Amino acid sequence: MVRLSTIWEAFRVAASSLRQNKLRTSLTLIVIIVGVTAVIAVVTIIKGLDQTVAQTFSSQGSTVFTISKKPRVITSREEFIKLNKRKSITEEDAEAIFRLCTACWRTGVAANGGVSVKHGNQKKDNVALRAIAPTAMFEMDGVTIDAGRFWSETEGASAHEVTVVGSDIVTDLFPNQSAEQVVGQDLWAGGRPYRIVGVLQPLGKIFGFARDNRIFIPFATYKKNFGLNVSRNAFSGFGAVVVFIQTQNAQQLEGAEDQVRAIMRNRRGKTFNDTDDGFTLETEDVLLNFYSSATSNIYLVTIGVAAISLVVGGIVVMNIMLVSVTERTKEIGIRKAVGARQRDIRTQFLIEAVMVTAIGGVFGVLTGFGVAWLIALLIGFPLLFSIGSAVLGVSVSSIVGVISGLWPAWRAARLDPIEALRAE
């Protein structure tokens, strides 16, 4: 109880000292606030970005994998040339997988390209075109309807010229019209008219890339309107076909991958000695792993740079505390003369240093979240506010206070009481 009373008295003395030197305290607080703000803003933005990327790349879930001619991430020109010599993936491959793979729940095919679309006097270039079959591919792609409907299996198999569009298409080609009003109208894509049967829920942007600037059409319609080079088993002018496979649960994924790999290697005539499968089997983890490896060092450097401001803040706090010790030398002498021990003096100055940095940490956390929110609002991705970040900010600032206050507190405690009383 006596010890607690002593600590409480030290807190009161420290608070009184901070109030008496308002300008010095304010300047010290500003330095700590800036440092903590930088760290909290960076950590919050990084966590929000990680969450956004994970949700984007994992939209198809943990039960979907793909078979394609080439991987989505190619790191060298030599690798690109080598992989480009592979045979293209065909619809027959998808049919064989669905027929022979007992662990596969459903399969689909997709092909991607880019077209110009227009409606009336409005035109939009570089619109992503995605041709899919069957309609279950919408669910496998992780997209949902905002207005209208998906096309039916009959419409898709009959190559009807129907389309489901992203929200950017509605905004740019149908100004002042709602998604419901757009359903049933026509737009031209690649020189052909398509009836809009549905509008997708907005997905927003990531890294400046608009995910709503796209249209979906049936795969059969794609073949009819854009042509099929039978001799090369590839669509002319557009990207290669990709086969999508989905299992009923994540536990079946590995078994389905093994079956599909065996089926495709057999169709490619591969033997045990062939190291190249002749195709690429990928899950969404490949993009997450690539993102993590590409950004991990950048994040460490960014956090390190932000932490430098806290180091600078610690140096400032130490200087301020040393000045405070010099100014209060006589006070220290009086306290020692009436019975204060070295431990009491150290505790007082340490508490004073920690108090100012902790207060700065609290304000820094608040301003850090505010800065992160403003940046996220401008960039366009959600934030991930966490109690852990707030605790981290206050804890780090308090640790800075302890480290910065150790030397001044030690100097104050070591002062000779007689010499201190003589100080002017």
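L27 lies in helix α2 of the predicted model, where helices (H or I, at least four residues) and strands (E, at least two) are DSSP runs numbered from the N terminus. At 48% relative accessibility, L27 counts as partly exposed; buried means under 20% relative accessible area, exposed over 50%, and partly exposed in between (1.4 Å probe, protein chains only). Residues are numbered from 1 along each chain as its sequence is written. Because the model is predicted, local features need pLDDT of at least 70 and side-chain atom pairs count only at pLDDT 80 or more, whereas totals for chains, interfaces and linings use all residues, and side-chain values use heavy atoms, with hydrogens and water left out.

A second pairing across the sequence involves S398, which is placed in helix α14 (residues 387-413). S398 is buried, with a relative accessible area of 17%. Its C-alpha atom is separated by 5.7 Å from that of T357, 41 residues apart along the chain. When residues up to four places away in sequence are not counted, S398 touches V354, T357 and A358, contact meaning heavy atoms within 4.5 Å.

The protein chain has 15 helices and 12 strands. Of its 424 residues, 44% are buried. Among contacts with a separation of 6 or more, 76% are between residues 24 or more positions apart. The accessible surface of the chain comes to about 21900 Å², and carbon and sulfur atoms account for 60% of this area; accessible areas come from the Shrake-Rupley method with a 1.4 Å probe, and for residues only the protein chains shown count as cover.

A search of the whole structure finds three cavities of 30 Å³ or more. On a 1 Å grid over the protein atoms alone, a cavity is a set of points where a 1.4 Å probe fits but cannot get out, and a pocket is an open set with protein on both sides within 12 Å along at least five of seven lines; lining residues have an atom within 4 Å of a point. Grid points are joined across faces, edges and corners, and a volume is the space filled by probe spheres set on the points.

The largest cavity has a volume of about 90 Å³. Its lining consists of S17, L18, N21, R24, T25, T28, I320, M321, S324, E352 and V356. Two or more of these lining residues come from each of α1 (2-20), α2 (22-57), α11 (285-327) and α13 (342-379). By class, four are nonpolar, five polar and two charged, with Ala, Val, Leu, Ile, Met, Phe, Trp, Tyr, Cys and Pro counted as nonpolar, Asp, Glu, Lys and Arg as charged, and the others, Gly among them, as polar.

The second largest pocket has a volume of about 330 Å³. It is lined by 19 residues, of which E91, G108, V109, A133 and P134 are the closest to its centre. Elements giving two or more residues to this lining are α4 (91-100), β2 (106-119), β3 (122-133), α6 (153-157) and α9 (219-226). The most is given by α4, with four residues. The lining divides into 11 nonpolar, four polar and four charged residues.

Several features of the backbone stand out by their torsions. Most residues other than glycine have a negative phi, and most peptide bonds are trans. The peptide bond from A133 to P134 is cis, with omega near -5°, and P134 is placed in the loop between β3 and α5 (136-141). N126, in strand β3, has a positive phi of about 55° although it is not a glycine. N126 is exposed, with a relative accessible area of 69%. A159 also has a positive phi, near 60°. This residue is found in the loop between α6 and β5 (162-165), and A159 is buried at a relative accessible area of 11%.

One disulfide is found in a search of the whole structure, a disulfide being a pair of cysteine sulfur atoms within 2.5 Å. The bond joins C101 to C104, with an S to S distance of 2.1 Å. The torsion about the S-S bond of C101 and C104 is about 80°, so the disulfide is right-handed. C101 counts as buried at 4% relative accessibility, and C104 is buried with a relative accessible area of 11%.
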